Amino acid sequence: MKTLMILSTVPDGRLEMCLKEAAALSYRTVFCGTETDERIRALADACYRTDWNDTEGLIRIAAAEKIDGVIGLADPAVLPAAKVAAALGLPGNTPESMEILLSKNGFRALQERAGLFCPRHAVFNTYSEIGDRLDSFSWPLIVKPLLCSSSFGQTILENREGLAEAFAGAAELSRNGAVCIEEYIRPGSLRSVEADVFVFGGEILWEGLRDSWHLESAPLRPLYDVYPAHMTEAEEEEFRKEVSGALKGAGVRFGQFNVEGFFNAAGRFFIVEINPRPSGYYNPQHIEISSGINLTKLLVSLAVGDREYYESLKSFQRTARNVISYSVFSRREGELDYVYIDPLLLTHLKSFDSLYRSSRGDHVKDNLKAKWPIGQAAFVFDNAEELEMAREKIEELVRVILL
């Protein structure tokens, strides 16, 4: 029996999907995290509360459990997983490649070295270090935590006004306290591009390409995704060139990578970031609804050296179902009553997942402050025209009602 070690935060939809997929494949699972809960204890075969900075402790657990593979599903877990894999000679990436992708500044430096499209940037450990170093930068600038995820702590500034406050907010959320400041490249629209690509050896599987839509009131955070992505052949070629160049430059060789970016007015694709783990918000599940490809199964099986599902994909006929993956956030902070879904749209509902299982009366934050959505809804449509009609009114068709 294969044994898989999984490092993740709790709760996490990716973790639950991986544990369930591993069970379906008859693998034994070992969970390691800084905390756990009843759901995870019921799904995993073994659970350990661990300090992810204690690499030697994780290696001892891995050796004692005789694991065949290890994966990290959240940003803080990616580097420890890579160190365990390297120490035990298991499938994975080098710690150095993961450090490059996890660091906002390290990734920009990689883009520069590889000749990829990227803005001017700098890293500061304290606000006093800035001095006149921004004088050569073109405004607007974006201030963001060096080590963080999900667009938290990011501020766009048109000038120096508010710089100190933005720096303090970013530093507070950065895992090492450092802040990255870079020239802000304005998107051409509220639509960006997101994808979950899979790397195995020298091959890249270009799955999960999707349009990622933002709100004018919250331009840095995508609210919903549309499958499949609407790209011209030239745009897809540009996208693949930039992403493959970044992945090759980082030296990655295994795993699922969440790509976020957009096209500028000149048609260049700007990679905002590549997260070295699956995307959250149940997107792997929605990718399967659209394309038929189970990326969670692919990740879990290849992590333990099982190539059966990977080989089957060489002849698998992908689908391209029209899907809206909608993150249900409240527009205002308050006490939850219920999530309203228009009756006509309800007939298209394929899945509705809630990580925290919010109930009536629970306090919820607005879409600018909430870390996780109240729910993640996937709607399937017969054609692109039908989807577009729903997309244009989606904020009215699906909304949170407060008490």
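Contact, as I use it here, means heavy atoms within 4.5 Å. This is a predicted model, so I took local features only at pLDDT of at least 70 and side-chain atom pairs only at pLDDT 80 or more, while totals for chains, interfaces and linings use all residues. Residues are numbered from 1 along each chain as its sequence is written, and side-chain values use heavy atoms, with hydrogens and water left out.

**E16.** I looked up E16 and found it in helix α1, residues 13–24 (helices are DSSP runs of H or I, at least four residues; strands are runs of E, at least two; both are numbered from the N terminus). E16 counts as buried because its relative accessibility is 7% (buried is under 20% relative accessible area, with a 1.4 Å probe and protein chains only). Setting aside neighbours within four places in sequence, I have E16 in contact with R39, I40, L43, L355 and R357.

**Open sheet.** Next I checked the 4 strands that form an open sheet, ordered β3-β2-β1-β4 with parallel pairing (two strands pair if DSSP finds at least two bridges between them). β3 (46–49) and β4 (69–72) are the edges, each with a single partner strand, so one side of each has no neighbour in the sheet. The twist averages 20° from one strand to the next (axes are lines fitted to C-alpha atoms, for helices over the stretch in contact; angles run from 0 to 180 degrees between N-to-C directions).

**β1 and β4.** I see β1 (residues 3–7) pairing with β4 in the parallel sense over 4 bridges. L7 is opposite G72 in β4. Helix α10 (residues 295–303) lies across β1 and β4, at about 140° to β4.

Technical notes
Buried < 20%, exposed > 50% of the residue type's maximum accessible area, 1.4 Å probe, protein only.
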